[in-house]
Amino acid sequence: MINSTSGPGLLFPKGGWENDETVQEAAVREAIEEAGIRGELMDFLGYYPFKSKNHQDEFCPEGSCKAAMFALLVKEELESWPEQSTRNRT
């Protein structure tokens, strides 16, 4: 889990996916970018809704979004990662 950048609390890494990647590839990328972890993507756990402050378009009207949740077997914790200046992992 990682700290929220918008207030207190912990959350799971999440984010959108690019047009050239699958949702599974996006989950792996977000884990690296936000939490600095690598591992083996395991089971699909389901979807959960969330509100996005900065992603409002035809796919997420009014910021309503849906995240796909996967279990990840962590095999490596990176010493440095893209969001380490704004994120702490637990």
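The dialogue below goes through a few features of a predicted model.

Q: How much confidence does the predictor have in the chain, in terms of mean pLDDT?

A: pLDDT is the predictor's confidence in each residue, from 0 to 100, and where pLDDT is low, the predicted coordinates should not be read in detail. In this chain the mean pLDDT is 86, with 88% of the residues at 70 or more. Residues are numbered from 1 along each chain as its sequence is written, and side-chain values use heavy atoms, with hydrogens and water left out.

Q: Is glycine 46 buried or exposed, and with which residues is it in contact, leaving aside its neighbours within four places in sequence?

A: Buried means under 20% relative accessible area, exposed over 50%, and partly exposed in between (1.4 Å probe, protein chains only). Glycine 46, which is found in strand 3 (residues 37–51), has a relative accessible area of 16% and is therefore buried. Contact means heavy atoms within 4.5 Å, and, apart from neighbours within four places in sequence, glycine 46 is in contact with Ala67, Ala68 and Met69. The C-alpha atoms of glycine 46 and methionine 69 are separated by 5.4 Å, although these residues are 23 residues apart along the chain.

Q: Where is the place of serine 4, and is serine 4 buried or exposed?

A: Serine 4 lies in the loop between strand 1 and strand 2, and its relative accessible area of 15% means that serine 4 is buried. Leaving aside neighbours within four places in sequence, serine 4 is in contact with Gly9, Leu11 and Arg87.

Q: How many aromatic pairs does the structure hold?

A: Rings of Phe, Tyr and Trp (its six-membered ring) pair if their centres lie within 6.5 Å; planes under 30 degrees apart count as stacked, over 60 as edge-to-face and the rest as tilted. The structure holds two aromatic pairs, one of them an edge-to-face pair of phenylalanine 44 and tyrosine 47, with 5.1 Å centre to centre and 70° between the planes. Phenylalanine 44 is partly exposed at a relative accessible area of 42%, whereas tyrosine 47 is exposed at 54%. Ring pairs link Phe44, Tyr47 and Phe70 into a cluster.

Key. Predicted model: local features only at pLDDT ≥ 70, side-chain atom pairs only at ≥ 80, totals over all residues. Helix = DSSP H or I, 4+ residues; strand = E, 2+ residues; numbered from the N terminus.
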